[in-house]
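Please read this note with the sequence and the model side by side. It is written for someone new to reading structures, and each point can be checked by eye.

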Amino acid sequence: MSFSQDLIKKHEGLRLKPYHDTVGKLTIGYGFNIDDYYNDKRVLDLFDANNNAHLEFILQKGITEEQADQLFKINYKIAQTDVNALFK
């Protein structure tokens, strides 16, 4: 794991149950914003969810640390793509 990833994880902290972040968005793991990524196939596949309602049901029960790490990797990749697009 890179220094920046470790720093982000330390800042965000780990929560295995859903919570609302400082702007009211449903969040889980290391600051993964569920509200923005309900339709992301990678997230649905990670939890073997059939649809958004199924995913919400699964997430309400909580996640494992391994699943939180996978969500973090998805989120980090999205952020990298967004940053790279700024410099093209």
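1. Basis of the note. This is a predicted model, in which local features need pLDDT of at least 70 and side-chain atom pairs count only at pLDDT 80 or more, while totals for chains, interfaces and linings use all residues. Residues are numbered from 1 along each chain as its sequence is written, and side-chain values use heavy atoms, with hydrogens and water left out.

2. The packing of H1 and H5. Helices and strands here are DSSP runs numbered from the N terminus, a helix (H or I) having at least four residues and a strand (E) at least two. Helix H1 (residues 3-12) packs against helix H5 (residues 65-86) at an angle of about 120 degrees, and their axes are 12 Å apart. H1 is therefore oblique to H5, given that angles under 35 degrees count as roughly parallel, over 145 as roughly antiparallel, 65 to 115 as roughly perpendicular and the rest as oblique. The axes are lines fitted to C-alpha atoms, for helices over the stretch in contact, and the angles run from 0 to 180 degrees between N-to-C directions.

3. The residues between these helices. Contact means heavy atoms within 4.5 Å. On the H1 side the contact is made by Ser4, Gln5, Ile8 and Lys9, and on the H5 side by Asp69, Phe72 and Tyr76. The residues of this contact of H1 with H5 divide into three nonpolar, two polar and two charged, where Ala, Val, Leu, Ile, Met, Phe, Trp, Tyr, Cys and Pro count as nonpolar, Asp, Glu, Lys and Arg as charged, and the others, Gly among them, as polar.

4. Glutamine 5. Is glutamine 5 buried or exposed? Glutamine 5, which lies in helix H1, counts as buried because its relative accessibility is 15%, the cut-offs being under 20% relative accessible area for buried, over 50% for exposed and in between for partly exposed (1.4 Å probe, protein chains only). Not counting residues up to four places away in sequence, glutamine 5 touches Phe72 and Tyr76.

5. Glycine 31 and asparagine 75. Glycine 31 lies in the loop between strand S2 (26-29) and strand S3 (32-33), and at 19% relative accessibility it counts as buried. Leaving aside neighbours within four places in sequence, glycine 31 is in contact with Glu12, Gly13, Tyr19 and Asn75. Asparagine 75 belongs to helix H5 and is partly exposed, with a relative accessible area of 21%. With the neighbours within four places again left aside, asparagine 75 is in contact with Gly31, Phe32 and Tyr37.

6. Aspartate 40. This residue, aspartate 40, has its place in the loop between helix H2 (34-37) and helix H3 (41-46), and it is buried, with a relative accessible area of 13%. Its side chain is joined to that of arginine 42 by a polar contact of 2.6 Å; a polar contact is a pair of N or O atoms within 3.5 Å, of which, within protein, one must be able to donate a hydrogen and the other to accept it, and residues adjacent in sequence count only if both atoms are side-chain atoms.

7. Aspartate 48 and alanine 49. Aspartate 48 is found in the loop between H3 and helix H4 (52-60), and alanine 49 is also in the loop between H3 and H4. Aspartate 48 is exposed, with a relative accessible area of 62%, whereas alanine 49 is buried, with a relative accessible area of 11%. Phi of aspartate 48 is near 50 degrees, a positive value in a residue other than glycine.
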